[in-house]
Amino acid sequence: MESVAQKVLSSGFTLDLGPLKEPLAFIRVLEWVFAIFAFATTGGYSGTTSILVQCQGHESQEIHAEFNYPFRLMDHPYNVPSCNNQSATSVTYLTGDHTSSAQFFVCIGVFAFLYCTGTLVLYLAYQHVYRASSRGPTVDLLVTAAFAFLWLASSSAWAKGLSDVKWATSPSTIVTILSVCKDPNKCTPGAVPHMGRLNASVIFGFLNLILWSGNCWFIYKETPFHKSANQPADVEGVVGQS
C-alpha cells in the first residue's frame with residue numbers, strides 16, 4: 001500500500017484555497033502563526049539588570065549585568081567594585097541555568113511551525129490525497145495530539161523557568177547576594193529588566209495548547225473512527241424510515 005508521502009509525490013499539484021474556509025485548515029493557519037510568535041519572542045531575547053553600589057565614603061556606581069537566551073545565567077559576568085580598593089573590581093556572575101526549559105520551548109515551537117507548513121501544503125495543494133484514505137487523517141490526528149501534549153509540557157516548564165529567570169535577574173535579589181553590599185557599604189536596586197516579550201511567549205505557548213487541542217476534534221472528524229461511530233445511528237434512521 002502506498003504511503004501518504006508516495007501518493008503526494010506521484011499526484012499532481014492542485015492549489016485550492018477552499019479548505020481555508022473550513023476549521024481544519026483555518027485553525028492550522030492560526031497554529032502556524034502562533035508557533036512563530038512563541039519561538040520568536042523567546043529566542044534572541046537579551047536584557048539588562050542593574051544595581052547601584054555605594055562604597056563607604058564614595059559616590060554610588062551603577063552596575064549593569066546583561067543576559068540573553070538561552071538563559072545560562074552563570075555564563076554572564078559583570079564587574080562589581082571592590083570597596084577595599086576603589087580602583088579595583090571583581091568579576092561576579094549571575095546565578096542559575098534555565099537553558100533546558102527555554103530551548104525545549106523554542107524547539108517545540110520550531111517543529112510545530114515546520115509541521116504546520118507541511119500540513120498546510122497538504123491541505124491546500126493535495127487535499128484529494130489527504131482524503132483519499134484514512135491514513136492521512138489518522139496520522140495527522142496522532143501528531144496533532146502529540147503536539148498538544150508537548151505544548152502543555154514545554155509551556156509549563158518555560159513558565160516555571162521564566163519565573164526563576166525573573167527572580168535571578170531581579171535587582172533586589174542581586175543586592176541580597178553580593179558580599180560587597182554588606183555594611184558599611186550600601187546597595188540599592190536599579191532598573192528592572194524588561195520582560196514583556198518573555199511574558200508574551202508564555203501566553204503564546206498556552207494559546208498554542210488550546211489551538212492544537214481543539215484542532216484534534218476537527219481532525220478526528222476526518223478519521224474512520226468518527227465515521228464508523230456515526231454509522232449505527234445512520235443505519236437506525238434508515239430502518240426507521242422503511
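**How helices H3 and H7 meet**

In this predicted model, helices H3 and H7 cross in a left-handed manner. The residues that touch come from both sides: H3 brings in Phe105, Ala112, Tyr115, Cys116 and Tyr123, while H7 supplies Ser201, Gly205, Trp212 and Ile219. As a general point, a pair of packed helices is described by two things, the distance between the axes and the angle between them. For H3 and H7, the axes come within 12 Å and the crossing angle is roughly 35°. H7 covers residues 196–220, and H3 covers residues 99–125.

Together with Val110 and Leu114, Phe111 forms a nonpolar surface patch of about 260 Å². Is Phe111 itself buried, partly exposed or exposed? Its relative accessible area is 48%, so Phe111 counts as partly exposed; the exposed class begins over 50%.

Now for the whole chain. The protein chain has eight helices and five strands, and reading from the N terminus, the order of elements is α-α-β-β-β-β-α-α-α-α-β-α-α. Of the 242 residues in the protein chain, 40% are buried. What about contacts between residues at least 6 apart in sequence: what share of them joins residues at least 24 apart? In this chain, that share is 73%.

Definitions and conventions: Residues are numbered from 1 along each chain as its sequence is written. This is a predicted model: local features need pLDDT of at least 70, side-chain atom pairs count only at pLDDT 80 or more; totals for chains, interfaces and linings use all residues. Side-chain values use heavy atoms; hydrogens and water are left out. Patches are made of residues with over 30% relative accessible area and no salt bridge: like charges are joined within 9 Å, nonpolar side chains (Val, Leu, Ile, Met, Phe, Trp, Tyr) within 5 Å. Accessible areas come from the Shrake-Rupley method with a 1.4 Å probe; for residues, only the protein chains shown count as cover. A salt bridge is a side-chain nitrogen of Lys or Arg within 4 Å of a carboxyl oxygen of Asp or Glu. Helices (H or I, at least four residues) and strands (E, at least two) are DSSP runs, numbered from the N terminus. Buried means under 20% relative accessible area, exposed over 50%, partly exposed in between (1.4 Å probe, protein chains only). Contact means heavy atoms within 4.5 Å. Axes are lines fitted to C-alpha atoms, for helices over the stretch in contact, and angles run from 0 to 180 degrees between N-to-C directions. A crossing is left-handed if the near helix is turned anticlockwise from the far one by less than a right angle, and right-handed if clockwise.
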